Amino acid sequence: MKLLFFNLILLLTSVCVSGQTDTLSIFINAGQHQLVDSATIPAKAFNLTPEFKLDGQLFKFTKGQEVIFKIINTDTIGHTIEIQEYGFSTFIDSGKLVITPITFSSNGLFQMCSKTNYPQEKYLGLSSLIAVESNWEKSFYWNIKEYQSSFNTAIQNGDAIDFKIYKPDYFLINGRSNPEIANDTLAKIRGKVGDTITLHILNSGNSVHSLHFHGYHFEILASSRTPKVVGWVKDTYAVYGGERVSLQIVPDKPGEYPIHDHNLVATTANNYYPNGMFTTMIITE
Amino acid sequence: MRKLAVLLFFLAVHGVLAQSTTLLIARNIGKKILDDGTEIRTFGYATKLSENPDIPGPTLIYEQGDSVTIDMWNVSQGAPHTIHLHGLDVNQQNDGVPHLSFDVEHMDHGFYRFMAPHPGTYLYHCHVVSAIHVQAGMYGMLIIKPKSSENLTWEGGYKFSRDYNFLLSEIDTNWHTDEHLLHPLGHVKIKVPPYNPTYFLVNGLSGSQLESENKKMFQKNDNTFLRLANIGYYANKYIFPSRLNSTIISSDGRPLPEASILDTLTIFPGERYGVIVNSSNLDVDSIKIEYLNLNTLSAEGTEYIRYEVVEELSSNTFSPAFLQVYPNPFTGFLKLRNIGNEEIRNIEIFTLSGQLAYEYTAKYNSSVVLQVGHLTAGSYFIKVTKESGSEIRRKLHKF
């Protein structure tokens, strides 16, 4: 019945387009996320439908685009949703809908997240990448994070958690671990020799992830943490929690090359190797 | 076509197209004594069968443009091994990732080939069940130096008089038990224990082991180049005394667009940095390193690199730190680089039984190349005698 109600909202709101302003329905959903070893944990996500799915939901806009956000909260608690750089902050009570406009005035990578019980609700999955750019070609998007599965259960049960003793056991790219990441077209880099490939990354977790690229160096195009690193050419870059970074790769040879967290503990899932933050890019002639 | 062949032959003979072959023997039977006397089992790379594979493995040094072959001989009596050439951007075949390149089974040889690209600091490590094999000790530093001068960071880069390499890692002794080291083989999931390191290493040493090492010697108003690399699973936060004017100049084998003076530098797993230190003050102090848990960013270990800044590195400071001999193991040639201030009088190479196999008597101030390709394969001692008569000895291996 509840799902029917929210689907009705989706139907009604999705047709509300006024002039050049687009309407986007965003659902705050809670559910059970299935991990690479088939274990399930409580998690939350921003989705385009009332159906819960933790898959690194990306929101893409162009510079100057005006959008009406219709945020529908299907969760059992209220959420304050924020996009810090745009001064966007709105509270949506449980089971309620908020309609609010936003104009994306500048290019870049932004984070939309829940500030409720911060950082717990963000940690559960209410943190998405917003990409504002004009050229979408050969761009790939990673929302990386990690979970300590016992923390997810504790938060759901209302028990206290302490990030000072955080010891995650699952490591995800767009909600998936190796080898399932290969099935995600947003994440799996495929290109040709000479292509200009851009990888946009949001670390929506709490840990630092030191990503190492085989085969090619990359140039750092942007970092939300520090402008100092822009223009650096590296093969390993540590992405801090909350950081957004854009990396550009121009492959000079064909092949299949890994990209992985070089904290090799993060290449495991529930203490089993190799099921963590590890994938490959495939470059053809 | 014939002219080209003649030209290539000429270039090869004169060392312009230098070829370098290095043998690394992958072993599963290493032992390491930790700071408190605890002995653990390790895996590692050795240069000969009788050698304990140490942590870290031998530092491999090549020149920019060298055509390099690393011959990895697996004498593990167990798991397959590989060599991943971390940061060298080699092609897929030579990348050392077992399911994408090849792995090397017990008693097989694997050959990894590359043309040494940008001068800089790189790593090598095994990529088979890498979480376990790297923790087990299968890693080392790989350095590429510019061709024109050994005292340059890169062509047109910073001049320096001396350099030091620091490869940092951690040890969790629970990972060094047979239960985890002797993991199942094949395409199966491998169980790893929770990671709780209690030993924090600088070039394989920690605590009193590190303190008992000679101080690093810096000369006042003189550039010293530090190559810093992290192969552990924690971050390394360096805290430099501000008097060192520590300048971050390069990372991951590339110059930075802008150098910057920093008192702290955090290096994450897999990263490498180049730092120039140059102090205008006489000084005795330490560079502090905190090992940060990547999940909490809390410091769980601390080590110190002791140093002294002196007015001039005189002849009395002619210590092993001021003589570099590479490559080791060697094939056709040996390079000696004297970064002390006193001239060297004589160089002799002896067999292990004490027989003189090679002698070089001309004086030199900075570096010399010895053509030693005629020596038979095996182990040698090189004895370097300075003007005052004091000596330095090093053990070498010829392939």
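Q: Helices (H or I, at least four residues) and strands (E, at least two) are DSSP runs, numbered from the N terminus. Where is A:Asn174 placed?
A: This is a predicted model: local features need pLDDT of at least 70, side-chain atom pairs count only at pLDDT 80 or more, totals for chains, interfaces and linings use all residues, and side-chain values use heavy atoms, leaving out hydrogens and water. Residues are numbered from 1 along each chain as its sequence is written, while chains are lettered from A and ligands numbered from 1 in the order in which they are written. A:Asn174 sits in the loop between E11 and E12 of chain A.

Q: Is A:Asn174 buried or exposed?
A: Phi of A:Asn174 is near 50 degrees, positive in a residue other than glycine. Buried means under 20% relative accessible area, exposed over 50%, partly exposed in between (1.4 Å probe, protein chains only). Because A:Asn174 has a relative accessible area of 1%, this residue is buried.

Q: What is the relative accessible area of A:Asn270?
A: A:Asn270 also has a positive phi, about 50 degrees, although it is not a glycine. A:Asn270 lies in the loop between strand E19 (255–261) and E20 of chain A. A:Asn270 is partly exposed, at 32%.

Q: What is omega for the cis peptide bond that joins A:Asn178 and A:Pro179?
A: A:Pro179 is in the loop between strand E11 (170–173) and strand E12 (190–192) of chain A. The bond from A:Asn178 to A:Pro179 is cis, with omega about 5 degrees.

Q: How many salt bridges are there over all chains?
A: Side chains of opposite charge can pair when their charged atoms come close. The rule for a salt bridge is a side-chain nitrogen of Lys or Arg within 4 Å of a carboxyl oxygen of Asp or Glu. Over all chains, the count is 29.

Q: Which residue of chain A forms a salt bridge with B:Glu271?
A: The closest N and O atoms of the pair are 2.9 Å apart, and B:Glu271 is joined to A:Lys234. The pair crosses between chains, from the loop between strands E17 (264–267) and E18 (272–277) of chain B to strand E16 (residues 233–234) of chain A. The chain A partner is A:Lys234.

Q: Which residues are joined into one network with B:Arg272?
A: B:Arg272 meets B:Asp252 in a salt bridge (3.4 Å, N to O). The two are 20 residues apart in chain B. B:Asp252 is at 0% relative accessibility and therefore counts as buried. Salt bridges that share partners join B:Arg272 with A:Lys234, A:Asp235, B:Asp252 and B:Glu271.
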